[in-house]
Amino acid sequence: MDMEFTEEQKALQNAARSFLATESPLSAAREMEANEEGFSRDLWAKMADLGWLGLPHSSDAGGSEMGNVELVILAKELGRQLCPSPYIPSVILAGLTIAGAGSDEQRARLLPQIINGELIIAFALQEENTYYDARSVRATATKEGDAYVLNGTKMFVESAAAADKVLVVARISSEPPDTAGLAMFLVDPNDVHVTLEPLDTMARDRQYQMKLDGVLVQPEDVIDTPASAWDTLEGVIERGVIALCGYMVGASQRIHDMATDFAKERVQFDRPIGSFQAIQHYLALSITEIIAADTTVFYAAWTLDEREPSREIVAKAKAFAGDTFRKATDLGAQIHGGIGYDESMDTTLFLRRGKQLQLSMGGSGFWEDIIAEELLDR
Amino acid sequence: MNFRFSDKEEAFRKEVADFIAENMTDTIRSKWLGGLLDTEERQQFVTKMSERGWLSMGFPEEYGGTGESMPLAQYILNDELHKAQAPIVGKNLGVVVNTLLHHGSEKLKKEFIPRILKNEIQWALAYTEPDAGSDLAAMKMSAVLDGDEYVLNGQKRFITSAHFADYMWTGVRTDPDAPKHKGISLLIIDVPTPGMSLSPMNTVIGEQTNDVFFDNVRVPKDRLVGQENEGWRYITEALTYERFAMTSFAPTIRKFKRLVQWVKDTELDGRPLKDDPVVRRKIAKLAVIVEAGRMIDLRCVCEAVRPDYVPVNEAAMNKMWGGIAETVLTDEALDIMGPYGYLWHNGGHAPMDGDMVDDYLWAGHQRVAAAGVDISKNIIARRYLGLPAS
């Protein structure tokens, strides 16, 4: 039982923290809200140079084969600066799907480009009026010769317009909620049979509704087979979720730091507001939740690294980190008083992401249902 | 980073669990908080543990300890004892032995530590007074030096072990003119000593605690622990050990698991309770709160075994979360039981034998005892976050 980082892990944390403080401060997160692609290509290239895009990937593909604990360490630092990037869809969800289920040819063709940052792949799972759940996928893939034709509508596809490809989950056979019959397909977002409609999100990031109307996918772009696609997806989604959890914990710590610093300086009734117990008790409870969420997320990451059963702990980590982040961002603005809700204040960057990320990749209720399945139905 | 206990630690855990399985009886098992060694049978249970060397683990050999030991051994022992509702050893070892080792005179160390490690003597902690609760440093009970003896006058309240303890570990005021934190000393008092009297108080769940009155009680000067007027420092340091050693998260985990099993086994209106979507969400939310508590507990353990580190903040977080988690767990559990939620022990209709009713009533104790939720928040705000004094 030991919660200390190794020297290598500390080095990763320190390097990421100082790099992002200069290269991607909170002001950059605000600028990117107005950027057409929602993230900085320049920063993405630098992240590739630092080896971050290869962090979870194998060394044959050019990665550094680090574990999920390291992934969380990096994600926390990205979260501290609310750094926007297609890291989770491209590097983790699409990248690890290709790494785990792609053919040798697909891995050799795609992974080095993902890792060097030249190829960005978005991830399309969720659909209209469904949860973040592969069981609910209705989009169809119909065989036509050696190729497949895709039809359906995907929702909440992050960075779809900026991406070079979109990894689409669709059904070759069977009906929802059957877990058999799924497969993944690489689609060009600029295909004439694809329509992207931007969604107006609270965090002002780039998400799209993606309509697939008879999109032809050649055999070399079909990833995985129905025999294993469900297992692939489950494993990959857990790792993406854990990265999102790390991001939320890092961001929670940042807004809590900001609120605590403000409470020490802001004087009302002739004294710093941080001397009032009302303020102190809010902040004390919140930091305890954040530290507990931090430990829970690392425990989930460690469980994944140890290849132990992870579904229940990942579900707990997502529900808890999401709720904690939402509360921390809500409190962060409140502690600042009226000015905390001024659009130009950094508190609002957090406020608008707190609720959105809590609801992303399955909201707390979705993951709570999974916890209940694990506890009550087994 | 490693969340696994070592093979050696797991082997010790199993040894303790086996011992408990072999020696536990219904009359030893405590319904509420584990801990009190108030009967002959419970004391014998702990004496058997001391014979195995489990009370002396890690303490210096010159005082009857085993010397070097696994850093987590004490935690594992208490965790298993808590889980089984067995008498715990946290108070005597965590508070008295640790404080004597760090601050006591050689004479006191030699006189008391070996006997504690053999479970020959029991202790009552006596700090609280009617007008000194959360504001513990406001304690007024006076100790005036008269020759080689202190003369004590005043009252202590909520002294839970006073009716069976051999010694009282007592905070007294030795300098009434100094600022309140600077005039407190720590004394060891024989129970009984002439002039001392007890009046029982009964708590809402029927457990006894006591008022203790002191009328010119004379205590030898060499029973002073550490320096005169430095007592507040020792008390707060020991409160950290107490928050940590006496408040394991294991009981909350045990209660939650029991609730889950009960939900799986129960039908309501002809339907399995576990299929009710509202119940499912409640169970899931509780699972998250309980997991978070387990994580804070483990984090505290990892910090506590660092050499010369007193985990003030971690212990406060642990204590706070324990109080919150017990409250939410027991409230939601009674909600899930519906009308049966308020049935108590007698009559046989109560779910879980009415234990959850005790737990609900007792959750309040967890929110107030040994620096409760609000005082813990004060500690975290001031010491961890560095917020200014209120």
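These notebook entries record what I looked up in a predicted model.

**Entry 1: domains of chain B.** I began with the domain assignment of chain B, which gives domain 1 (7–121), domain 2 (125–231) and domain 3 (247–384). I then looked up how far apart two of these domains lie. The C-alpha centres of domain 1 of chain B and domain 3 of chain B are 25 Å apart. Each of these two domains of chain B gives nine residues to their contact.

**Entry 2: the contact between the chains.** Next I turned to the contact between chain A and chain B, which takes 38 residues from chain A and 37 residues from chain B. Which helix supplies the largest share of the side of chain B that touches chain A? I found that α8(B) does, with 15 residues. Helices α7 (250–265), α9 (312–337) and α11 (373–384) of chain B are among those that each supply at least two residues of this side. By class, the side of chain B that touches chain A has 26 nonpolar, three polar and eight charged residues.

**Entry 3: the largest nonpolar core.** I then looked up the largest nonpolar core, which has 236 residues. The members that touch the most other members are A:Leu150, A:Val166, A:Val168, A:Phe185, A:Ile242 and A:Val297. Helix α7 (residues 229–265) of chain A gives the most to this core, with 18 residues. In soluble globular proteins, nonpolar side chains tend to be buried together.

Entry 4: Finally, I examined A:Val168. Leaving aside neighbours within four places in sequence, I found A:Val168 in contact with residues including A:Ala124, A:Leu150, A:Lys154, A:Phe185 and A:Leu212.

Key: Residues numbered from 1 in each chain as written. Chains lettered and ligands numbered in written order. Predicted model: local features only at pLDDT ≥ 70, side-chain atom pairs only at ≥ 80, totals over all residues. Domains from an automatic or database assignment. Contact = placed C-beta atoms within 7 Å. Helix = DSSP H or I, 4+ residues; strand = E, 2+ residues; numbered from the N terminus. Nonpolar A, V, L, I, M, F, W, Y, C, P; charged D, E, K, R; others polar. Core = buried A, V, L, I, M, F, W, Y, C linked by C-beta atoms within 7 Å. Buried ≥ 20, exposed ≤ 12 C-beta atoms within 10 Å, placed from the backbone.
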